[in-house]
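Could we read a protein model together, one feature at a time?

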Amino acid sequence: MSSPRPQRLVFFTGAGMSAESGVPTFRGKGGIWKEYDYERYACQPAFETNPEAVWEFHNYRRQLVSACAPHDGHRVIRAAEQQLEHVTVVTQNIDGMHQLAGSEAVLELHGSLWRLRCEACGATHEGRESPLSSLTCDCGAYWRPAIVWFGDALDTATIQASAEAIGQCDCLVSIGTSAVVYPAAQLPLLAERNGARLIEINPEPTPMSDAYHEHMRGPASEMLAQLAARWDIEL
Ligand code: BJW
Ligand code: ZN
């Protein structure tokens, strides 16, 4: 049975959203941090000490993600964007999977695997070549993945735009995040101020589950298919 569609909807996504595409999550079974210590491969001090090791890890992930494709859940989100008034995707994911599915209103809280910047001359580069053909910028310095690593500040404009969309929404659907990384973990709570309905999609409970009105305990693709039916979103 269908029910009224949200007027302003936010999808708040984490690594579990991409799990069914074959992209490993960070924590839990098969989580990437089990195999790779972020202090050696994914933080600014590691990049400054051993950029080659950091690049080995990031090139590995570029290749891994390149072989993955969006799944039906990403397509539900894209369809919602096309058929509902105001839809925003706020993602912690760096894999670009929402954009591959065609989503346009995507705010990337933790940056992107596909963007690079040079901290020496300010140059930037965007592209999905995997592995990267040259690890260095024309000026000779190593490219730095434009990813928000632990200890990095999040981009102010992105966090503001996310807070605004969440603060104004009447429904927030959180999908596939363990809700342990801050400040991202607390952003969905801003939706409460507007009296929004909070729905959590995750096979497991999270430290933020109590803040949600509805828990859909299952994989993203199946749970999003249920929401599509509920809101009469055509696929
Ligand atoms: C499924 C599924 C299926 C499976 N369907 N679901 C306050 C309190 C405590 C600590 C801090 C705090 N504020 C800041 C901190 C420190 C730190 C932090 O949060 N630490 C905690 C871990 C303790 N935060 C930071 O350092 C942040 N920066 C910061 O605050 O800067 C301050 C500053 C200000 C001014 C100047 C300078 C600094 C930055 C955080 C950056 C996070 N970056 C990473 C990527 C790094 C590397 C890389 O990729 O190369 O972002 S870490 C990693 O975790 C990645 C993710 O986006 C993020 C969140 O993970 P996510 O998405 O939740 O994934 P998982 O794997 O944890 O969970 C997957 C979920 O999916 C599970 O729940 C499964 O059940 C579920 N699932 N299959 C649906 N099919
Ligand atoms: Zn440069």
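Q: What should I know before I start?

A: This is a predicted model, where local features need pLDDT of at least 70, side-chain atom pairs count only at pLDDT 80 or more, and totals for chains, interfaces and linings use all residues. Residues are numbered from 1 along each chain as its sequence is written, chains are lettered from A and ligands numbered from 1 in the order in which they are written, and side-chain values use heavy atoms, with hydrogens and water left out.

Q: How many salt bridges does a search of the whole structure find?

A: A salt bridge is a side-chain nitrogen of Lys or Arg within 4 Å of a carboxyl oxygen of Asp or Glu. The search of the whole structure finds 10 of them. One joins Asp72 to Arg75, with the closest N and O atoms 3.0 Å apart.

Q: Where do Asp72 and Arg75 lie?

A: Helices (H or I, at least four residues) and strands (E, at least two) are DSSP runs, numbered from the N terminus. Asp72 and Arg75 both lie in helix α6 (residues 72-83), 3 residues apart, about one turn of the helix. In general, an α-helix has 3.6 residues a turn, so residues three or four places apart point the same way.

Q: Which parts does the salt bridge between Glu104 and Arg78 tie together?

A: The closest N and O atoms of Glu104 and Arg78 are 3.9 Å apart. Glu104 lies in the loop between α7 (97-100) and β3 (106-108), and Arg78 in helix α6, so the pair ties together parts that are 26 residues apart in sequence.

Q: Is Arg78 buried or exposed?

A: Buried means under 20% relative accessible area, exposed over 50%, and partly exposed in between (1.4 Å probe, protein chains only). Arg78 is buried at 17% relative accessibility, while Glu104 is exposed at 66%.

Q: How is the pair of Tyr36 and Phe57 arranged, and what are the angle and distance?

A: Rings of Phe, Tyr and Trp (its six-membered ring) pair if their centres lie within 6.5 Å; planes under 30 degrees apart count as stacked, over 60 as edge-to-face and the rest as tilted. A search of the whole structure finds 9 aromatic pairs. Tyr36 and Phe57 form a tilted one, 4.8 Å centre to centre with 45° between the planes. Tyr36 is buried, with a relative accessible area of 17%, and Phe57 is buried at 1%.
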